[in-house]
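I opened this entry to look up two things.

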Amino acid sequence: MVDVADVLGTARGCVVAPAGCGKTELIVASVAQQATKPSLLLTHTTAGVAVLRARLKRLGVPSSAYRLNTIAGWALALISMFPERAGYAHDVTQNPDYVAIQNAIGTLCKSGHINSEIRATYGRLFVDEYQDCTSNQHGIVSGLARVLPTVVFGDPMQCIFNFRREPFPDWTNDVMGTFPLLGTLQTPWRWNRVGANNLGVWLLGARQALQNSHQIDLRTCPGHVTWYPLTNDFNQNITTQVRVQYELSRQYPSQSILIIGDSIQATSRHNYASRAHGVSVVEPVDFGDVVASARSMNSQVGAPLLQASLDFLSSVMTNVGGTQIQTRIQSILNRRNRTEPTPAEMAALAVNQSGGYAEVIAFFKVMSADTSRRIYRDSAYYMMLEALKSVVQGAPQDLATYTVGLREQRRHSGRDIAPKSIGSTLLLKGLEADHVIILDADNPKNRMSREHLYVALSRGARTISAFARRPVIP
Amino acid sequence: MTVIREIEIRHFRVISHLKWWPNSGINCLIGPGDGGKSTILDAIELNLGARQSYSFTDADFHRCDTSSSIIIDVTLGSLDDELLNLEVYGHFFRGWNPRTGEMQSETAAHLETVLTLRLLVSADLEPFWSLYSDGPAAEGRERNILFKHRQNVAPVRLGATAAHHMALGPRSVLGKLSSDMSQASAALAAASRQARQAFADQGCEGVEDILSASRTIAHNMGIRVDDIKALLDVRGVTFTGGAIALHDNDHVPMRSLGSGSMRLLVAGLQKSVGNSTIFIVDEVEFGLEPYRIVRLLDSLGAKTNDSTQQVFLTTHSPIVLKELSSVQLHAMRTTKAVIPPMPGVEGGVPIRVTQNWIRPLGDREEAQKTLRACSEAFLAPNVIVCEGKTEIGLLRGFDLHAQAQGQHSMLAHGCHWADGNGSTMFERAKIFADMGYRTALFMDSDVVYDPQIYAELAQRNITVFRWPDPLSTEEALFASVPPTHIELLLNIAVQWKSQDSVDTLIKRFSNNTYSLGACLLHFEEAMRPVLGTAAKDKSGSWFKDIEPAERLMREVVGPGFGQVAAPFAAPFGALWDWIQQSPTARPLPRPGGIQ
């Protein structure tokens, strides 16, 4: 078992931390130890920074005890200080090329040029989520480790990516070669806390099996893990899935549920959310389709703006009926309509008749107030609404630019996850809930890797509901 | 502890442009008055102390020309961890090469990380303090050193008056003794209240008229006041830290101590506080007897070469110089010149240029010996390095003779002799010349030296005064004095040595042709070389000391200098002219008293 004394007693080490086994607590407790200089605490994502900051604050660790940043953010700060020694001049007016910057800072940290400054500034280095570090980032951390006592925390079994732009260090050779294994965390705190000790132990076993390329049997943890067979009928499957979700909600009314959908096709996850009431979509941090919609609405008025608005609404709301609205507008304009226009149609008409963003906002509000329609992607919808409002109120940027700004702001503030959310393993990584539903654990077209499977299974503290063709996966 | 590695001053008072690399430990500046020594001390204090209270005037600009800004850059090295903090000062770290003094815009493994503090004063006279780096990292960034860090680098200055250190206050060394002033503040507030209460209880005589008039006027104007009293104004009796001062057991304030005692006390306090490690002392000898000078210098770390503090001091005292090691000594030079306009250029104006530079004495063994042996010489602008004691004696003797004739002494002309101690004279002459002294070498010519040596001396503008080859001083003397003076020289030799020894030597070197008696009674020209050889012989050494040489010059050669022949008179006359022509020479007194 690894404890704070082990972490503080080593010059270089690595702690392997399976999900829910108290990694963050160990890091925070290590940082909290009295020291003359702050510890440098680095992690991979801004979301990770937000999680650590919240935990440090909650435990009352004085902010003088640590300097918290992403590796990329820290490298960006350093590159502006030593452009010559790092051999890279970053133009602050341009978007940072993080690959080049991290590469240059890795070289700088290894060069010894700033050893005394690093030693003067920080007492120790801790790096979280080490399994996600690229080779360049590993270079930076290895460089710093020549000067500072360094412990890295991570779990190779939670190493998942959407795509690899950069090389990654090999865990066994590169990472553990530089940072010898201090130990593996083995107490499943997350499950023990809610009395699901059996599930915690089962997951540690599953992790071991997956790591050794063995299969796992979803029927071996009764009471916690339930296998639901998938059929060839897509609609039948989704009906069952929604029913299972409702059943969980009924049984555990105030508990959270994470639903793990297809890792590639966002639309299939949106599709699920449009069918299951009360489920929010966890959006990727780049909010790609919201930004794209803002671009298509940018500087538009009248009919083109209405069409772009309808396209956006259709991606976040049920029963929009865009084509039908357009047809009705033509009828109303030609006075061929037999029924009176609905409030929604009146609002759409206002946009169509040289309307601007103010009319779009009014239209959106009427649409969302309509009980026959339901917003199933709240965060996407409200981001657009906020951008529209700000531009109407005279924000200096155009809609697309403002939306990008909002996105960056959200990226740094971290995200709020609704009690019932659907996302991919990548999006839900690092999050935890009481229950997890895996919609397709053995999709032959998009097979979940062993790491994806482990991340998916380990999200739920109380129960796992896994849909799969066979009970033994992968 | 922080050390100043480089000081660069532009357009500040007497300094046009100066770059200086001081050492850790003691840095003693010497040089003629108005040469800029105090300007450097002020520059350091203004830059590092960041005293907002100092108001700059046009007179602070070099030649009162406000079109060029005053720029004072002080570069700090040996930074402590707080100043080395990447996140605070990372953009301003420069790299300094201790071997070459070269500064790079970013630090590196083989360089020392330094921070440059800049004080900039433009024509608007507003001082502006900031960190400075010419590197791309600092471009467009503006940052000052944090207040708490400035506290640690702000120097303590031991000026002519140290009285303000005797009370608690922002600039007092006492303030640094205690970091927690809150208890004192509470006591001060209580004292202030008590004072007002005591005053109120006692009442105040002599203001009754004012009070009754005020009462009446207030009443007439319809202002409702029940009574009007005279009490102490709250603002008048609010005590700040400055109200607490040190007193002795007779309640005499310590600021009434003699200036020397006070300076000693403050120096001691400063050392025990040990917060700021940069210490500035004007005129270190001020108000102190020699033994107390030594004590003060010891406390400043003169002997231990204490590198935990850095001291900048000025002095005009040879006692101070004798206590220092050569590496601690720096000569400050300022020269002014006028470059005439280019010939043929219409409307050309002469350009006035000032050059400032600082030369270190260095840490070589010979430099140290020179400092010990010739400390007085370092305090004069012109130095005559004399080969040995005989030459010093000759010079002093002639000087005494000249003074007796009503002329100014060579000291008054700004010239001092230095003992060349024989073979080290060349080295010593070079040491003085390299430090910027106008240097002459006064030697004899009985040893043949490599012409290369004379070429090197000429290259350094060292003027050599010596007799024609191959004459020694004694030979030149006996070859040049008129026959009537031979007897006088021999009398001095006899008194210094003895009749027998002088006689024996004359006999030996003339193969018993001459004797002392013959020389005294029947002088012949042929006796001159014999006497010269006998006088300089090691067993004779008739004049080989300051005293006999001084005597013969004052009593014999000086009074009869008009009749002395060229071998002696020409070189010595030229040397005397060199003294009279010194740039710092004092003009001859005019007949008729006041000029």
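I am working with a predicted model: local features need pLDDT of at least 70, side-chain atom pairs count only at pLDDT 80 or more, and totals for chains, interfaces and linings use all residues. Residues are numbered from 1 along each chain as its sequence is written, chains are lettered from A in the order written, and side-chain values use heavy atoms without hydrogens or water.

**Interface**

I looked up contacts (heavy atoms within 4.5 Å). Chain A puts 20 residues against 19 of chain B. The two chains bury about 1,700 Å² between them, 52% of it on carbon and sulfur atoms; this is accessible area (1.4 Å probe) lost on being put together, summed over both. A:Met81, A:Arg85 and A:Glu117 supply 34% of what chain A buries here, more than any other three residues.

I then checked salt bridges (Lys or Arg side-chain nitrogen within 4 Å of an Asp or Glu carboxyl oxygen). The rule finds two across the interface. A:Arg67 forms a salt bridge with B:Glu87, with the closest N and O atoms 2.4 Å apart.

**Helix H12 of chain B**

Helices here are DSSP runs (H or I, at least four residues), and strands are E runs of at least two, numbered from the N terminus. Why do I call H12(B) largely enclosed? Eight of its ten residues (425-434) are buried, so the rest of the structure largely encloses H12(B). Buried means under 20% relative accessible area (1.4 Å probe, protein chains only). Among the buried residues I noted B:Phe426, B:Arg428 and B:Lys430. The buried residues pack against elements of chain B including helix H10 (365-373) and strand S16 (438-443). Just after H12(B), B:Gly436 takes a positive phi of about 95°.

Key:
Buried < 20%, exposed > 50% of the residue type's maximum accessible area, 1.4 Å probe, protein only.
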